[in-house]
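The sequence and structure come first.

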Amino acid sequence: MDCPVPGPALAHTLLPQSPGAAVEWLVAPGLTDHDAAVAAMEQRAALIASGDASELVWLVEHPPLYTAGTSARDVDLLDARFPVYRSGRGGQYTYHGPGQRVAYAMIDLRRRREDVRAYVCALEDWIIATLASFNVRGERRAGRVGVWVARPEKPRGLSGEMAEDKIAAIGVRVRRWVTFHGISLNVEPDLHHFSGIVPCGIAGAHLGVTSLVDLGIPVVMEEVDFALQRAFEPIFGPVARVADRRQR
């Protein structure tokens, strides 16, 4: 599912087609349990679908864990050193852990566009715009969902391919045209933790994973959160920050 390259004006926008409540923006402190997060997302998505809650972007960090999407292959789990969770999101194996910003997006596509491909493209644009605020060029790659960074300083592949590292992953689920799950952006995770899996099923001598700090960008999570919010609004519309009540 490849995205067309947008023109000078950002093409992959999913702004609301009619006025409505702003997207709630919630930042969770500390580490969030995976199963509790999934339960909260499913509950919130159901409330959004029934018209009883606003859309929500929920920013969390998880303790170290692996999740297996609906396309995950057992052979891609190399070392189950952390808990493994079967997930209803699309995609394959992914690592989550401290230093990685996970943004769970519960977005109502009925008030935007009922087009999952367009939604995934908009998520990629969101990540690319966020990285650009740190002078990092995030790029799409044909046949690979997520965002990549070229690493010309690293050894090339066996056939001379330029080295590339994945800096952000995407995995979504849609129910009644309301999305949940979302994106993960590597800020300063322990990159060795990715070695227990074949991330997103993509293997190759020239392919790896990276983070903002690994790229030499000395940022903290709060700076990344600000950049995520600033990049989100031109694509999805205004947000309203809300307090964490842990019961959402």
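The lining of the largest cavity consists of eight nonpolar, four polar and one charged residues; Ala, Val, Leu, Ile, Met, Phe, Trp, Tyr, Cys and Pro count as nonpolar, Asp, Glu, Lys and Arg as charged, and the others, Gly among them, as polar. The model is predicted, so local features need pLDDT of at least 70 and side-chain atom pairs pLDDT 80 or more, while totals for chains, interfaces and linings use all residues. Residues are numbered from 1 along each chain as its sequence is written, and side-chain values use heavy atoms, with hydrogens and water left out.

**Cavity**

- The structure holds one cavity of 30 Å³ or more; a cavity is a set of points on a 1 Å grid over the protein atoms alone where a 1.4 Å probe fits but cannot get out, and lining residues have an atom within 4 Å of a point.
- Of the 13 lining residues, Lys166, Ala169, Asn186, Phe194 and Val209 lie nearest the centre of the largest cavity.
- Two or more lining residues come from each of S5, S9 and strand S10 (178–186); strands (E, at least two residues) are DSSP runs, numbered from the N terminus.
- S9 gives the largest share of this lining, four residues.

- Arg141 has Arg144 in S8 as its bridge partner.
- The S7 and S8 hairpin has two residues between its strands, and Gly143 there takes a positive phi near 80 degrees.
- S8 also runs antiparallel to strand S9 (residues 164–175), joined by four bridges, and Trp148 stands opposite Lys166 in S9.
- In strand S8 (residues 144–150), five of the seven residues are buried, meaning under 20% relative accessible area (1.4 Å probe, protein chains only).

**His96**

- His96 belongs to strand S5 (residues 93–96) and is buried, with a relative accessible area of 7%.
- The side chains of His96 and Gln100 are joined by a polar contact of 2.7 Å; the term covers a pair of N or O atoms within 3.5 Å, and within protein one must be able to donate a hydrogen and the other to accept it, with residues adjacent in sequence counted only if both atoms are side-chain atoms.
- Leaving out residues up to four places away in sequence, His96 touches His62, Pro63, Pro64, Leu65, Thr67, Val102 and Ser184, with contact meaning heavy atoms within 4.5 Å.

Definitions and conventions
Buried < 20%, exposed > 50% of the residue type's maximum accessible area, 1.4 Å probe, protein only. Pairing = 2+ DSSP bridges. 1 Å grid on protein atoms, 1.4 Å probe; cavity = no way out; pocket = protein on both sides within 12 Å on 5 of 7 lines; lining within 4 Å. Points joined across faces, edges and corners; volume = space filled by probe spheres on them.
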